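Student: Please show me the model. I would like to go through some of its contacts.

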Amino acid sequence: MGEMEDLTVTECTRCPDLAECRSRIVNGVGPADADLLFVGEGPGANEDDQGEPFVGRSGTVLDDALRAAGLARADVRITNCVRCRPPENRDPRVEELANCREYLEREIDAVDPTVIVTLGKVPSEHLLERDVGVTGEAGDTFDCPVAGEPRTVMVSVHPAATLYDRSQEATFEETIQRAADLTGAGGQSTLGSF
């Protein structure tokens, strides 16, 4: 049905539609003990092609925001709610999210991040289990149980939103900076105090 070794899903056919049209399973990347874990919705065409979450334009936006906060992609863990690309980049269906939830929970448990940042509406609603107004709640943190453990979840707009709506750019960068500050990571967060 589905196999997971360490943090890597090696084989899975829980969602026949997705298994049929994916090129590969896209697993999370980054340190297995990262303080900051980013959770996106699911792979798009670039991710399906390269086998890594958040490559392409939205990945560049994320990398730039991390750099502005004094972090590098290599410092953080990046994963998705579903690990296979939905056809035509449609939103993952409820049952697809449910099918992949165990993998996400096992990854969160193993990484044990200080802060989980949800990138966009789907992951925010998936982890907080309620309707989320992402733009209004961006940068807000919520303590909620994930897989039975209390977790700090911070809502963020999706990096791609900044490509379509420039006014989201500052919101996104401030959210990433806030997440970096919460983890005590990031090079620039202490400069303001001198």
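Tutor: A polar contact is a pair of N or O atoms within 3.5 Å; within protein, one must be able to donate a hydrogen and the other to accept it, and residues adjacent in sequence count only if both atoms are side-chain atoms. This is a predicted model, where local features need pLDDT of at least 70, side-chain atom pairs count only at pLDDT 80 or more, and totals for chains, interfaces and linings use all residues. Residues are numbered from 1 along each chain as its sequence is written, and side-chain values use heavy atoms, leaving out hydrogens and water.

Student: Which backbone oxygen does the side chain of Thr183 reach?

Tutor: Thr183 lies in helix α8 (residues 168–183). Helices here are DSSP runs (H or I, at least four residues), numbered from the N terminus. At 2.9 Å, the side chain of Thr183 reaches the backbone oxygen of Ala180.

Student: Is Thr183 buried or exposed?

Tutor: Buried means under 20% relative accessible area, exposed over 50%, and partly exposed in between (1.4 Å probe, protein chains only). Thr183 has a relative accessible area of 15%. Therefore Thr183 is buried.

Student: What separates the C-alpha atoms of Asp140 and Ala179?

Tutor: Along the chain, Asp140 and Ala179 are 39 residues apart. Their C-alpha atoms are separated by 9.7 Å.

Terms used: Helices (H or I, at least four residues) and strands (E, at least two) are DSSP runs, numbered from the N terminus.
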